[in-house]
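Hi,

Here is the model I promised to pass on. Have a look at it first, and then read my notes below.

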2 protein chains.
Amino acid sequence: MKVVVTGAAGFIGQRLVRSVLAKGELTLADGSTAEVTSLLATDIVAPPEPIFGDQRLTFVAGDFGTNEMLDLLITPDTQVVFHLAAIVSGGAEEDFDLGMRVNLYSTMALLERLRALPHVPRLVFASSVAVFGGTLPDVIEDGTACTPQTSYGGQKLITEHLLTDYSRRGFLDGRALRLPTIVVRPGKPNKAASSFASAIIRDPLQGQMVTCPVSEDAGVWVLSPRKVVENFLRAEELPAAVWGTSRSVSLPGLTITVKSMIDTLREVAGDAVAERIRWQPDAEIERIVYGWPVKFAPNRALEMGFAADRSFREIVEAFINDDLNGTFVE
Amino acid sequence: MKVVVTGAAGFIGQRLVRSVLAKGELTLADGSTAEVTSLLATDIVAPPEPIFGDQRLTFVAGDFGTNEMLDLLITPDTQVVFHLAAIVSGGAEEDFDLGMRVNLYSTMALLERLRALPHVPRLVFASSVAVFGGTLPDVIEDGTACTPQTSYGGQKLITEHLLTDYSRRGFLDGRALRLPTIVVRPGKPNKAASSFASAIIRDPLQGQMVTCPVSEDAGVWVLSPRKVVENFLRAEELPAAVWGTSRSVSLPGLTITVKSMIDTLREVAGDAVAERIRWQPDAEIERIVYGWPVKFAPNRALEMGFAADRSFREIVEAFINDDLNGTFVE
């Protein structure tokens, strides 16, 4: 079977591509499994480092939402799509039209292409806890209403509802995962309002000073890159019946404050590393971040077999092992 | 100012047009009021009876979502739009593409036209309790998650989220009312799955036999045409600040079973009228109707000054007075 991964040059996309190739087979909409014979990975830019070296893999750079790209991506042998490509929260807030085009209109075009296939394809979609916002209870439950307060959150939520309706009608077999803030993200900062949550761990460990735009009591709901990829594969293999009447689920995560994150960094890497953080409040980022929920009771996800990291220490140590070759700048 | 009403040939649209003209002034987005100097009413078909006789009113038949119609409807003097046009629940379920085109794509085009105006227009949108579905608590509260189980409900919900985001960004000043089942709807049955709830009152009072497609223990959440129009005008005049972080509200209503509706009909109009109802279960309509919630705690709406009818008897009597000239066929 042919598998498609959009947003494949991103840090989650790259890991997912590697994991799909390593797993070697995925589940079809009829419940049977099939060998991954080709994986078409795409992103607007090429990945920063080669993720190739596998004959099954082809990488194509381009905007997934154009007709030409959709012609290439969605062909009669496309059985599974992992749709991760998106304009991130800060970017979609800064440029409304760009966010709407990529996060909504292009995704709607993708759904229509999947619907037109002669079989029922399986679609795993990266949604976000940014679907929550506004006046919220202390703990987000599975039945809590979504009232996003960013364009990004709105676009993700709208896609979830389309995906559920397309699935209900049998046009495709969709699954949407609401991702916590994924920490630690390697590489450079991006326009996601949550970018700081990785930067304050990543940059000091590499000997770089970093500024934190929110105060230390700010809370974050986090999950590691390792776990999010495991959860994507879990989402792909679950039978449709397990999803019931909603194709969305809020993934498990850890609730942690910026202060606790830094305390853990200090425990793992020492004072000198932790002292590389400076404070420089950014009102716009604070507005967005304080609007995000921090505590969840993700019962549905846990029942479905999705899992969080056991501790933030485990997340920091995994970053050092996976992304820094086991060492850091003391 | 110019006011636009879409779906104006419908029974609610017709009443709303009359009420806007009678009120004579509406509230602008800056909070000031202005005289209604022109009202452009539109629908896919002309209204069944003239709603004219007022120099301020123009009726144009056509599909509101075409570029030509949008050119006509949304002009630099358009200050207030009541958007009621939609493919109803049964229709959108029967023809997915038609529902998507009218309920979603055309409405998105309307939002973009409003955004392009030199001022901030006010938009009142007819949403529906069909945004709720799936696994629900016994009583729907303001914080209950929306998981619609019809394409119509999904399309209404998606529009609500777009309207909230467009409002948050200051592109327009939107308000979405989730309408209960509106009873008693005059005229002929339509493709709404809720059509029966009006038919079992309306047709017997006019001497006609009627078939009820759901069993008598089926519950319905109802509001009268009189009250829904009052609530539309209330929604238009409320200050933006009252809406807070969500531009949607579930309107108040009455919870009633089909049995109680018929008992009330019997009380008001006598046994002979109530005996004109026959039972003919329809599995598809039952599936949709049983998926709708029946009990609500619409606290937010009540605090905002929206109101329900006092009793179902009042609803039946209002129908006889407003639509049957005060008489019925005994």
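How many residues does the contact take from chain B and from chain A? It takes 21 residues from chain A and 21 residues from chain B, where two residues are in contact if their C-beta atoms, placed from the backbone, lie within 7 Å. Before the rest, some housekeeping. This is a predicted model, so local features need pLDDT of at least 70 and side-chain atom pairs count only at pLDDT 80 or more, while totals for chains, interfaces and linings use all residues. Residues are numbered from 1 along each chain as its sequence is written, with chains lettered from A and ligands numbered from 1 in the order in which they are written.

**How the chains meet**

On the side of chain B that touches chain A, helix α5 (residues 151-168) of chain B gives the largest share, seven residues. (Helices are DSSP runs of H or I with at least four residues, strands are runs of E with at least two, and both are numbered from the N terminus.) That side of chain B has 12 polar, six nonpolar and three charged residues. Here Ala, Val, Leu, Ile, Met, Phe, Trp, Tyr, Cys and Pro count as nonpolar, Asp, Glu, Lys and Arg as charged, and the others, Gly among them, as polar.

Chain B superposes on chain A with a rotation of 180 degrees, 0.0 Å of shift along the axis and an RMSD of 0.0 Å.

**The sheets of chain B**

One open sheet has seven strands in the order β5-β4-β1-β6-β7-β8-β12 (chain B), with parallel pairing; strands pair if DSSP finds at least two bridges between them. Its edge strands, each pairing on one side only, are β5 (57-61) and β12 (248-250) of chain B.

Strand β1 (residues 2-6) of chain B has five of its five residues buried, so it is largely enclosed by the rest of the structure. Buried means 20 or more other C-beta atoms within 10 Å of the residue's own, exposed means 12 or fewer, and partly exposed is in between, with C-beta atoms placed from the backbone. B:K2, B:V4 and B:T6 are on one side of β1(B), and B:V3 and B:V5 on the other. Five parallel bridges link β1(B) to strand β4 (residues 38-43) of chain B, where B:K2 stands opposite B:S38. Another partner is strand β6 (residues 78-83) of chain B, also joined to β1(B) by five bridges and running parallel; there B:V3 faces B:V80.

There is also an open sheet of three strands in the order β9-β11-β13 (chain B), with mixed pairing.

**A helix in chain A**

Buried residues of helix α11 (residues 283-291) of chain A are A:I285, A:I288 and A:V289. They pack against α3 (89-94) of chain A. The exposed residues A:A283 and A:Y290 sit on the face of α11(A) turned away from its buried side.

Cheers

Conventions
Least-squares fit on C-alpha atoms with pLDDT ≥ 70 in both.
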